[in-house]
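The following paragraphs go through one protein chain, from overall figures to single residues. Please keep the sequence and the coordinates open while reading.

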Amino acid sequence: MTSAPQRPDGPTPAPRLIATDLDGTLLRDDKSVSLRTVAALAAAEEAGIEVFFVTGRPARWMDVVSDHVHGHGLAICANGAAVVDLHAGREFVQVRALPRASALAVVDALRAAAPGTSFAVELTTGINYEPEYPPFFKDAGANIATAEKLLHEDTDGSAAPVLKLLAHHAELAPDEFLTLARSAAGQYASITRSSPTSLLEISGQGVSKASTLALCCAERGISPDEVVAFGDMPNDVEMLGWAGTSYAMGNAHPDVIAAASGRTTANNEDGVALVIERILAERIARRQERRQEHEPEPKQEQQQA
């Protein structure tokens with residue numbers, strides 16, 4: 001990758017909203033937000049461009065960027081299953097739940113198609129998982145039981161909406177597992193992945209980063225052509241295809257590169273900040289050009305006799 005992003009073909013419209021993924025995109029590999037990126041996000045908001053964090057993360061993992069949310073304070077979490085107000089203590093503003101019957105159908109289909117699959121259930125109240133599921137992050141409040149029991153309507157806490165079903169396989173390759181799962185259970189739910197491991201993220205049918213972002217933009221009267229989006233993994237593909245202008249990170253999955261209209265540098269090289277800085281610089285240049293076009297020509301001084 002060069003130090004400059006590759007621009008999409010044709011003129012880039014002045015954006016009204018920037019939508020960015022977090023892990024592997026806005027965040028560096030150590031999960032930090034660089035000072036350069038912090039400054040770029042603040043400058044975009046000051047210029048009147050809304051910034052939406054659009055992530056697969058649950059609301060409880062949003063502390064890493066809570067200090068960098070300006071204006072509206074909203075974030076799209078769990079791959080579009082939730083809109084969260086980070087200014088109000090991660091309060092759920094909108095939930096697009098995965099029906100328990102659909103989740104159970106996915107569990108049945110994957111148990112048959114990919115023996116050895118283990119599951120976790122992400123609720124608005126936290127995560128529960130099966131004994132075989134690798135707890136990537138320990139949660140002291142998690143219930144541990146079979147997915148069938150965790151999803152049963154009579155289970156304690158069953159009133160909590162299901163945001164995502166997570167499916168892990170210890171042997172299948174990540175993209176192989178994704179392809180197999182979509183073939184076996186795609187009629188029941190939306191299936192994607194964002195982890196480098198064989199970990200699938202399963203949401204309600206039609207729920208994605210793109211569909212929830214589209215709803216948020218429609219509420220604001222913002223068209224896809226006025227959105228610039230960034231991402232790096234398969235769960236970003238629909239969002240990058242929906243946005244009028246989109247960038248795959250230098251470290252992006254091949255499917256993401258194919259879906260985006262441009263590329264920027266890797267997450268560790270502040271690829272998002274690089275594009276935002278260019279957008280703001282072009283905006284300033286356009287304003288200066290318009291100002292010069294409307295300025296009257298200076299009057300020539302009359303020659304002295």
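**From the whole chain to its cysteines**

In this predicted model, residues 24 or more positions apart account for 59% of the contacts in the chain with a separation of 6 or more. The chain has 305 residues, and 50% of them count as buried. Its accessible surface comes to about 14300 Å², with 51% of that area belonging to carbon and sulfur atoms. The secondary structure consists of ten helices and 13 strands.

Eight of the strands form an open sheet with mixed pairing. Read across, the order is β5-β4-β3-β2-β1-β11-β12-β13. The edges are β5 (91–95) and β13 (262–263), each of which pairs on one side only. Strands of a sheet pair through backbone hydrogen bonds, and the pairing can be parallel or antiparallel.

On one side, β2 runs parallel to β1 (residues 17–20), and four bridges join the two strands. Within this pair, I18 has V51 of β2 as its bridge partner. β2 also runs parallel to β3 (residues 74–77), to which two bridges join it. Here V54 stands opposite I76 of β3. In a regular strand, side chains alternate between the two faces of the sheet.

Further along the order, β11 (residues 227–231) and β12 (residues 245–248) are also parallel, joined by four bridges.

What remains is the question of cysteine pairing: how many disulfides does the structure hold? The number is zero. A disulfide is a covalent bond between the sulfur atoms of two cysteines. For C216, the nearest cysteine sulfur is that of C217, at 7.0 Å. The cut-off applied to a pair of cysteine sulfur atoms is 2.5 Å, so a pair must lie within that distance to count as a disulfide. Likewise, C217 is in no disulfide, and its nearest cysteine sulfur is that of C216.

Are these two cysteines buried or exposed? C216 is buried, at a relative accessible area of 3%. C217 counts as buried too, with 0% relative accessibility.

Conventions: Residues are numbered from 1 along each chain as its sequence is written. This is a predicted model: local features need pLDDT of at least 70, side-chain atom pairs count only at pLDDT 80 or more; totals for chains, interfaces and linings use all residues. Side-chain values use heavy atoms; hydrogens and water are left out. Buried means under 20% relative accessible area, exposed over 50%, partly exposed in between (1.4 Å probe, protein chains only). Contact means heavy atoms within 4.5 Å. Accessible areas come from the Shrake-Rupley method with a 1.4 Å probe; for residues, only the protein chains shown count as cover. Two strands pair if DSSP finds at least two bridges between them.
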